[in-house]
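I opened my notebook to get to know a new structure. Come along as I look things up.

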Amino acid sequence: MNITLDNLDLNETVLDLLDTVTAHNLKQVREGMIHDYEQAKDGDDISVYVVGDHEADAAEIRKRIEALDLILDHFSLNHEPYSFEE
């Protein structure tokens with residue numbers, strides 16, 4: 001889908017809105033991943049990415065949380081990355 005807006009102010013406003021919605025959705029995904037990560041670290045066999053190995057599963061989930069934090073740092077002001085306490 002390609003939308004062209006002639007008004008530069010409107011175009012900028014729409015792009016800002018899209019950034020805000022994108023960041024909001026990514027934060028929701030991140031919160032779910034954090035919940036899954038904490039469950040896997042607690043030894044729950046939730047098998048999100050790796051079946052039967054909660055440590056390997058937690059490592060895979062962690063990679064995705066770190067990736068989301070990197071993206072959210074770009075789209076959000078004052079984003080606080082998740083603190084992985086080892």
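Before I start, one cut-off: a residue is buried when its relative accessible area is under 20%, exposed when it is over 50%, and partly exposed in between. I also keep in mind that this is a predicted model.

Entry 1: I looked up Arg-62 and found a relative accessible area of 24%, so Arg-62 is partly exposed. Its side chain meets that of Glu-66 in a salt bridge, 2.9 Å from N to O. Both residues lie in helix α2, 4 residues apart, or about one turn of the helix. Glu-66 is partly exposed too, at 37%.

**Entry 2: the whole chain.** I found 2 helices and 0 strands. The radius of gyration is 17 Å, well over the 12 Å of the globule rule for 86 residues, so the chain is more spread out than a compact globule. The C-alpha trace spans about 55 × 30 × 15 Å along its principal axes.

Entry 3: How many salt bridges does the structure hold? I noted 6. One of them joins the side chains of Asp-69 and Arg-30 at 2.5 Å, N to O. Asp-69 sits in helix α2 (residues 54-75) and Arg-30 in helix α1, so this pair ties together parts 39 residues apart in sequence. Both Asp-69 and Arg-30 are buried. A network of salt bridges links Arg-30, Glu-31 and Asp-69.

**Entry 4: the surface.** I came across a patch of negative charge made by Glu-38, Asp-42, Asp-44, Asp-45 and Asp-53. Glu-38 belongs to helix α1 (residues 8-41) and is partly exposed at 35%.

Terms used
Residues numbered from 1 in each chain as written. Predicted model: local features only at pLDDT ≥ 70, side-chain atom pairs only at ≥ 80, totals over all residues. Heavy atoms only, no water. Patch = residues over 30% accessible without salt bridge, like charges linked within 9 Å, V, L, I, M, F, W, Y side chains within 5 Å. Areas by Shrake-Rupley, 256 points an atom, 1.4 Å probe, with all protein chains shown as cover. Salt bridge = Lys/Arg side-chain N within 4 Å of Asp/Glu carboxyl O. Lys, Arg positive; Asp, Glu negative; His and termini not counted. Charge placed at Lys NZ, Arg CZ, Asp CG, Glu CD. Buried < 20%, exposed > 50% of the residue type's maximum accessible area, 1.4 Å probe, protein only. Rg over C-alpha atoms; globule rule 2.2 N^0.38 Å.
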